[in-house]
Amino acid sequence: MNGDNGIQVYPTTTWSAGAGCHGACGQKLYVKDGKLIKVEGDENASWNQGRACPRVLAMTQYVYHPDRLTQPLKRVGNRGEGKFEPISWDEAFDTCEAKLKDIREKHGAESVVFAQGTGRDVGGPISFLCYNYGSPNWVQLGLSGQSCYTPRLGAMKATIGDFCVLDASQFSEKRYEDPEWEVPKVIIVWGQNPPPTCPDGFFGHWIVDCMQRGSKIISVDPRHTWMSSRAEYHLQIRPGTDGALALGMLNVIINEKLYDKEFVEKWCYGFDELAERVQQYPVDKVSKITWIPEELIIEAARLYATAKPAAIQWGVPICMNPEGTTVAQAITQLWSITGNIDVPGGNVIARPSHGVTTYPYSTEELVGLYGQELVDKLNKVRIGCNDYPMVKGFRGWAQPDMVIDQINNGKPYPIKGAWIQTANILGGQAARARLHYEALKKLDFVVVVDLFHNPTSMALADIVLPAATFAEKESFRSWWVPLGVMQKTVQVGDCKSDWEINIEMANRLNPNCKYKNPRELINDRLSVANVTFDDVVKNGSQMMPPEGDPSRPYRRHEKGLLRADGKPGFTTETGKVELYCKAYESWGVDPLPFFREPAQGPVSTPELFEKYPLIMITGARSHLFFHSEHRGIPWLREKNPEPYVEVHPETAKEFGVYDGEWIHLENDMGKVKRKVRISLRVHPKMVHTLHSWWKPELKGSEPDLFGVWDYQINQIVPGPQDSDSGFGGGQYKTTLCRLAKIND
Ligand code: SF4
C-alpha cells in the first residue's frame with residue numbers, strides 16, 4: 001500500500017524475533033526508502049484490532065540497533081574469548097556443512113542437538129533442519145521439564161484429544177459483535193497476568209475486553225497484580241500448590257453437585273473414579289496446603305461452577321508445578337465437568353487455522369510432516385523417550401534435563417555438537433545455568449543463530465549466523481487463528497530468515513530435502529487451505545476461517561466434526577473427555593490427578609526452609625522484555641533499567657534491607673545481584689524477581705559474559721525437573737532463597 005511522501009505501508013503478522021512474543025497480532029510496517037520508520041497496530045486485524053505493545057512499537061530501535069549481528073562470524077580466539085571475524089555466507093554454510101557431516105559420520109546424527117528457545121516461528125525451521133540432518137534431538141535445552149506450555153498441551157491432548165483455549169471471540173472475524181459468541185460470565189485467570197503480554201496464541205488484552213463486557217474475575221496468583229486487584233476473588237496461593245487447589249475446587253463442585261450432570265453423563269469418562277479421588281482433598285486440607293482461606297476456595301469454586309459460560313485462562317506456573325501434567329489435567333477437569341468445553345464463552349477446542357501446520361505441536365503433526373517411519377526411527381534414540389513414555393507419546397522434543405546430563409556423561413552415546421537457534425540458553429531459560437555452561441563448552445562444534453550477541457553466543461559459538469526479525473522475512477503462522485504470514489519489507493545487513501538458513505543447510509545435509517527455498521515450503525503447507533503466500537498477503541497478511549468452516553469452534557463434538565471417523569465425540573480412545581485418562585494409564589502415569597509437594601519448601605524440606613526462608617518466584621512476563629531479549633533497546637530499558645526483587649516490607653525489615661539497595665539473593669547454589677523494591681505485591685514469605693537478566697552494555701568476553709553470572713537468576717534454580725512424567729516441574733517458582741547484604 002502506498003502512502004504519502006513515498007512511504008509504503010505493509011500489513012504483516014508478528015510471530016517471530018523482534019517483538020519476541022507468542023502472539024499473532026497484525027501490525028502495519030511503515031517503510032520509506034527501504035527503511036522501517038514506524039510500526040502501528042493494524043486496525044483491520046481482528047486479532048488485536050489495531051493495538052500494539054511497547055516492544056512492537058520499539059521495532060525501529062530493534063531492527064537498526066548498532067549491536068545487531070548483520071553478517072556471519074567465525075570464532076578466531078579461544079572459545080569465550082569474544083574474538084570473531086566476519087565471513088561470507090558461503091564460508092559459513094561450508095563450515096557448518098563440513099563439521100556437521102563429520103560428526104554424523106563419526107558419531108551418528110543423534111550426536112548433534114538442535115536447541116531452540118521458547119515458541120515463535122523457530123520451531124518449524126529448527127525441527128525441519130534437525131530431521132533433515134537425521135537427529136532426533138530437537139530440544140528446548142535448559143528449560144527444565146519443558147515446563148512451558150508443553151505439560152498443559154500434553155494434558156489436554158491426553159485427556160480431551162485436542163487443545164483448548166479461552167473463547168474471547170477470537171475465532172470470529174466479527175469478534176465481540178458475533179451473535180453466536182457469549183461473554184464468559186466468570187473467568188479464572190490462573191497463574192497469569194495477561195494484559196502485559198500475549199501468551200500462547202492469546203492476546204492479553206482480550207481479558208480486559210471481556211471484563212469490559214461483564215466478565216467477573218477469579219485470580220489465582222501468589223502476587224497482587226493488575227488482574228488480582230480487579231478480581232472478585234484473589235486466591236493468593238503458595239507457589240507449587242496449584243494441583244491441590246484444583247482438586248479442592250473439584251471436591252466442592254462434585255460434593256455440592258454443581259457440575260453439569262448431562263454433560264458428564266454423556267461426554268465424560270471416569271467421573272466416579274474422579275469423584276472418589278477428590279475425596280482425598282477436602283477444603284480444610286487444601287487450605288492448609290495452599291495457604292488460601294477455606295471460605296475463599298469454596299466461594300470461588302461455587303462462583304465458577306454456577307456461572308455459564310465460564311472459562312479458565314492459565315499460565316506457565318501450572319507447568320512448573322511438580323507433575324505439571326497432572327495439575328493441568330485437574331484444571332481441564334474443572335472446565336469439563338462444568339460443561340464449559342466447546343461452548344461459546346467457555347474453553348473451546350482450538351486447531352491450527354485452516355488445517356495448516358507451521359510448527360509441529362504434537363506427535364500427530366510430526367507424523368503428518370515427516371511420516372511415521374522416520375518418527376519411529378528417531379524415537380528409538382531420542383533422549384528421554386525410553387525413560388519417559390509421555391515424552392515419546394506426545395511431542396517431538398528430547399527431554400532437556402536428560403540432554404544436559406548426557407552431554408556431561410556421554411551415556412548412552414556422546415553429544416558432540418549443538419545448533420542453537422534464537423535461544424539464549426545461558427542468559428535465559430537454563431535452570432542450573434552454570435551446569436549448562438560447563439557442559440556445552442566441551443562440545444566439538446557449536447553454531448548459534450541469533451540477532452544479537454548474548455552470553456550464549458559469546459561463551460559457546462564457533463560460528464554465528466545473523467537472523468532476521470519479522471519485518472525482514474517471509475514466514476507463516478496458524479496457531480490457532482488467524483492464518484497469518486510475515487512479509488519481508490526491509491533487509492538489514494546480510495541477515496537471513498530462520499527458514500532461509502535452515503532450508504539451505506537442510507539441502508546441504510540431505511540430498512533428498514523436499515524444499516529448495518522458503519516459498520516452496522510455505523506454499524506447500526498453505527496448499528491445504530487452497531491459498532498461496534501471495535493470496536494471504538493480498539488479504540492483508542491474515543485470513544480467518546470462513547463462516548461454517550469446520551475449523552471454527554462450538555459444539556463440534558456434538559456434530560462429529562472432531563474425530564477422523566466423523567462420529568460425534570472427542571478424539572480420545574473412549575470418544576469422551578477422559579477424567580480417568582487412558583493415555584496416562586498406558587504411559588505409566590497416574591490416570592487421575594493428584595497433588596505432590598514441591599521438591600523444596602516448608603513442607604518437603606523444613607530444614608532448608610529454615611536456612612532459606614523465602615520462596616522465590618521468577619519468570620513473570622514483562623511488557624518491556626521478552627525473556628532475555630530487549631535489554632539493549634533504549635525505549636524499553638529506560639522503563640526498567642535494573643533487575644529488581646520485590647520484597648514485602650516485613651521481610652525487608654527482618655533482613656535489614658532498604659528500598660533501592662543492591663543485595664544478593666542466595667542459596668546453596670550461589671548468589672545473584674538484585675535491587676530491592678519494597679512492595680506489598682508480594683507475600684512476606686515470598687520474593688518475586690525478574691528473570692533472564694544480563695547487560696549488553698557490559699563486557700561480552702569471559703569471564704564477564706555481559707554480567708550474566710551477576711544477574712542470571714536461573715543459576716540458583718535447581719534441577720532436574722520435579723516430575724515423574726518428564727514434563728513439568730521446572731523449579732522456577734518454588735526455589736528457596738534468602739536475602740544477603742552484598743558487603744556481608
Ligand atoms: S506482545 Fe502482543 S501486541 Fe506485542 S507483538 Fe506480540 S502479539 Fe503483538
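The C-alpha centres of domain 1 and domain 3 are separated by 28 Å in this predicted model. The bounds of these domains come from an automatic or database domain assignment, which divides the chain into domain 1 (73-146 + 355-483 + 494-527), domain 2 (163-350 + 565-586) and domain 3 (606-741). Residues are numbered from 1 along each chain as its sequence is written. In the predicted model, local features require pLDDT of at least 70 and side-chain atom pairs pLDDT 80 or more, whereas totals for chains, interfaces and linings use all residues.

Domain 1 contributes 30 residues and domain 3 contributes 29 residues to their contact, two residues being in contact if their C-beta atoms, placed from the backbone, lie within 7 Å. On the side of domain 1 that touches domain 3, at least two residues each are supplied by helices H16 (389-393), H18 (433-440) and H19 (455-460); H19 gives the most, with 3 residues. Helices are DSSP runs (H or I, at least four residues) and strands likewise (E, at least two), numbered from the N terminus.

The chain as a whole contains 28 helices and 27 strands. Its radius of gyration, taken over C-alpha atoms, is 24 Å, close to the 27 Å that the globule rule (2.2 Å times the number of residues to the power 0.38) gives for 744 residues, so the chain is as compact as a globular protein of that length. The C-alpha trace spans about 70 × 65 × 60 Å along its principal axes. Of the 744 residues, 60% are buried, that is, have 20 or more other C-beta atoms within 10 Å of their own, with C-beta atoms placed from the backbone.

Key:
Buried ≥ 20, exposed ≤ 12 C-beta atoms within 10 Å, placed from the backbone.
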